[in-house]
Amino acid sequence: MKVTIFGTGYVGLVTGACLAEMGNHVVCVDIDEAKVEGLKKGVIPIYEPGLEPIVKRNHAAGQLDFTTDPASAIAHGELIFIAVGTPPDEDGSADLKYVLAVARTIGQHLDRYAVVVNKSTVPVGTADKVRDAITEVLKGRDAGIEFDVVSNPEFLKEGDAVEDCLRPDRIVVGSSSERAVGRLRKLYAPFNRNHDRMVVMDERSAELTKYAANAMLATKISFMNEIANIAERVGADVELVRQGIGSDPRIGYHFIYPGAGYGGSCFPKDVQALERIARAHDYDARLLAMVEAVNHTQKTRLFAQIQRHFNGNIAGKTIALWGLAFKPNTDDMREAPSRRLIEALWDAGAKVRAYDPEAREETQRIYGERADLVLCEKPYEALDGADVLALVTEWKAFRSPDFGRIKAALKEPAIFDGRNLYDPQVVEDAGLAYYGIGRGRSLQR
Ligand code: UDX
């Protein structure tokens, strides 16, 4: 099918590449000329495993193209996706200015029936707003052209985006138009391995589904972090508790890993936005507010432990950091717990030496050159001259380190394990102090 996608961010680019891979003719539109020129040459603006080869292959094969010209792109698509950003505005609500600007552009150039598909995570009721925005512009043009607006939220995870997109566990389509649903059925037919993965519903339910999914996952994490904090105080090990509860299929093992708090472009923003949506409809979503509050505090846990370890005297210390990205397999630093830790350490007068396999450049871009931040090329380089080590992101490269080497390199051998990656006994047997999240012994010391 002929597909147009507005926005070449995470969602737009991955969706475009995957739809091209499935045999569609895809045109991606972006206002950023440098980005579009780069994409044409195979320069991928984000780090996402498996994305580069499919972008390059499909571009070379003529299945995937990039442009800054909305008119030709709108003329191309039977399906026009909106996958532009919805950043939080000052009060935490999702800002629709980019989405509605694209809607008006579609209204200006549409010349036959098309299905407009909302991929961005948007407040409930946005499909109606997009429909109204297009209709208004069409009226101004005196053009009696029909179109439908569909809500088709994206559930991909950074780091697994290509895989998630090519093998979705569900495809949520919100539309009351059979004609539009028919087009999406055709588009997604190749993704329906073994059974029909498409769940068709009304627009508002589809919009809420996206928020509900992310809020549920964020709730699981904050819940587990709460249990971890209790475990620490009562002398229990949350890692054993996690296994003990995960074995119940009603609870499950996924997303119950305690840690340094959730980050990324979705959970923090979406939990907040859903809370605002509820408030705008006169409902006080107390649980969501607490999920957010618990996460906010959790991001200070590692710093609090380090501070306690040094009896409050952090000034002049050098802390080695392993991991900067908000999670492994991405260079994304948005809302990353590492940022809160780094900033708290700086405020307390400490220096940071950090290593991350992919996020060094992004970290440099955010903080610039400073004397109290050294970004290292190799994991062990970060330990040179450092007092202690804090692990913030659970990259595979950090799974089984040489604890003897870590001990020898650190001035005051201690590991602050923000992801409970290590066995406390193994670390302690190697002669290092171990601090984890919610592991009773951390507090006992
Ligand atoms: C998330 C959703 O998973 C995805 O479906 C949605 O489309 C976008 O938001 P993403 O932000 O890429 O995806 O990351 P995810 O893997 O979900 O992790 C989010 C954060 O939660 C990370 O900071 C991660 O470290 C943290 N996390 C995750 C935990 O702290 N504990 C867990 O058990 C799981």
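Helices (H or I, at least four residues) and strands (E, at least two) are DSSP runs, numbered from the N terminus. On that basis, Ile256 sits in the loop between α10 and α11. This is a predicted model: local features need pLDDT of at least 70, side-chain atom pairs count only at pLDDT 80 or more, and totals for chains, interfaces and linings use all residues. Residues are numbered from 1 along each chain as its sequence is written.

- UniProt, in an unreviewed entry, places the feature "active site" at Cys266. UniProt positions follow the numbering used here, feature names are shortened, and annotations may be inferred rather than shown by experiment.
- Cys266 lies in the loop between α10 (238-246) and α11 (267-280).
- Cys266 counts as buried because it has 23 C-beta neighbours inside 10 Å. The cut-offs are 20 or more other C-beta atoms within 10 Å of a residue's own for buried, 12 or fewer for exposed, and partly exposed in between, with C-beta atoms placed from the backbone.
- Tyr257 is also in the loop between α10 and α11. Its 20 C-beta neighbours inside 10 Å make Tyr257 buried.
- Ile256 has 19 such neighbours inside 10 Å, so Ile256 counts as partly exposed.
- Beyond its neighbours within four places in sequence, Ile256 is in contact (C-beta atoms, placed from the backbone, within 7 Å) with Lys220, Met224, Arg242 and Gly246.

**Annotated binding site**

- The unreviewed UniProt entry places the feature "binding site" at Phe155, Leu156, Lys157, Glu158, Lys210, Phe255, Ile256, Tyr257, Pro258, Gly259, Gly263 and Lys327.
- These positions span 173 residues in sequence, and their farthest two C-alpha atoms are 23.9 Å apart, so they do not all gather at one spot.

**Strands β7 and β8**

- From strand β7 (residues 171-174), Ile171 and Val173 point one way and Val172 and Gly174 the other way; all are buried.
- β7 pairs with strand β8 (residues 198-201) in the parallel sense over four bridges. Pairing requires at least two DSSP bridges between two strands.
- Val200 in β8 is the bridge partner of Val173.

How values were computed
Contact = placed C-beta atoms within 7 Å.
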